[in-house]
Amino acid sequence: MSAYSAKKAWLYLYRSTRLRCPICGISPLFLPAHRIEGLEDWYTTLPGCPRCGYAYEREPGYFMLAIGLVNFGVVMIVGIGLVFLLDSLFELSTAQLIFFTLVPTWLISILSVRHAKAFFLAIDHFLDPAVGKRE
Ligand SMILES: [Zn+2]
């Protein structure tokens, strides 16, 4: 398999949709739902894969691009689409339109942050494979 094969890209993206390690596809990237105690547990990745030693966060601030591009991009597209959809379907005041757009997009932002990080990890590993083990 070549370094940039489509099969490998789909494999990494598939593993990211399951929130699994991009290398082995078995270990989770985040705490399981029953062990989450707060919002920080929800969006913080585990330090690395206990099975293959792959470090999930390569350096401090590693996931800033994931949040800035992937998560914000998804939220922005959904929010803009929602504004146009609500405005075309209902007679809403500006305040109502803002409220009915901000609340769902805020929820989508929190719910999609894990997948944004997982997609970013998969894309980054595909383009620049980390060969080193966890420190
Ligand atoms: Zn692994």
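Which pattern does the protein follow when read along the sequence? I read it off as α-α-α-α. My tally of the secondary structure is four helices and zero strands. I noted for myself that this is a predicted model.

**Overall dimensions.** I boxed the C-alpha atoms along the principal axes and got roughly 55 × 35 × 25 Å. The accessible surface came to about 8,700 Å², with 68% of that belonging to carbon and sulfur atoms. Of the 135 residues, 35% are buried. I also looked at contacts with a separation of 6 or more: 61% of them are between residues 24 or more positions apart.

**Zinc site.** I next asked which atoms coordinate the zinc ion. They are the SG atoms of Cys-21, Cys-24, Cys-49 and Cys-52, at 2.2 to 2.3 Å. In sequence, these donor residues are spaced C-x2-C-x24-C-x2-C. Cys-21 and Cys-52 link distant parts of the chain, 31 residues apart. Cys-21 sits in the loop between helix 1 (6-17) and helix 2 (39-43), while Cys-52 sits in the loop between helix 2 and helix 3 (64-89). I checked burial for this pair, and both Cys-21 and Cys-52 are buried.

Why do I call the arrangement tetrahedral? Because the four donor atoms subtend angles of 99 to 129° around the zinc ion, and the cut-off asks for all angles to lie between 85 and 135 degrees. For reference, the ideal angle for four tetrahedral donors is 109.5 degrees.

**Ser-112.** My last stop was Ser-112, in helix 4 (residues 94-127). Is Ser-112 buried or exposed? Ser-112 has a relative accessible area of 17%, so I logged it as buried, the cut-off being under 20%. Its side chain makes a polar contact with the side chain of Asn-71, at 3.3 Å.

Notes. Residues are numbered from 1 along each chain as its sequence is written. This is a predicted model: local features need pLDDT of at least 70, side-chain atom pairs count only at pLDDT 80 or more; totals for chains, interfaces and linings use all residues. Side-chain values use heavy atoms; hydrogens and water are left out. Helices (H or I, at least four residues) and strands (E, at least two) are DSSP runs, numbered from the N terminus. Buried means under 20% relative accessible area, exposed over 50%, partly exposed in between (1.4 Å probe, protein chains only). A polar contact is a pair of N or O atoms within 3.5 Å; within protein, one must be able to donate a hydrogen and the other to accept it, and residues adjacent in sequence count only if both atoms are side-chain atoms. Donors are N, O and S atoms within 2.8 Å of the metal (3.2 Å for Na, K and Ca); water is not among the atoms, so sites may look incomplete. Four donors count as tetrahedral if all angles lie between 85 and 135 degrees; four count as square planar and six as octahedral if opposite donors are over 155 degrees apart and all others between 65 and 115; anything else is irregular. Contact means heavy atoms within 4.5 Å. Accessible areas come from the Shrake-Rupley method with a 1.4 Å probe; for residues, only the protein chains shown count as cover.
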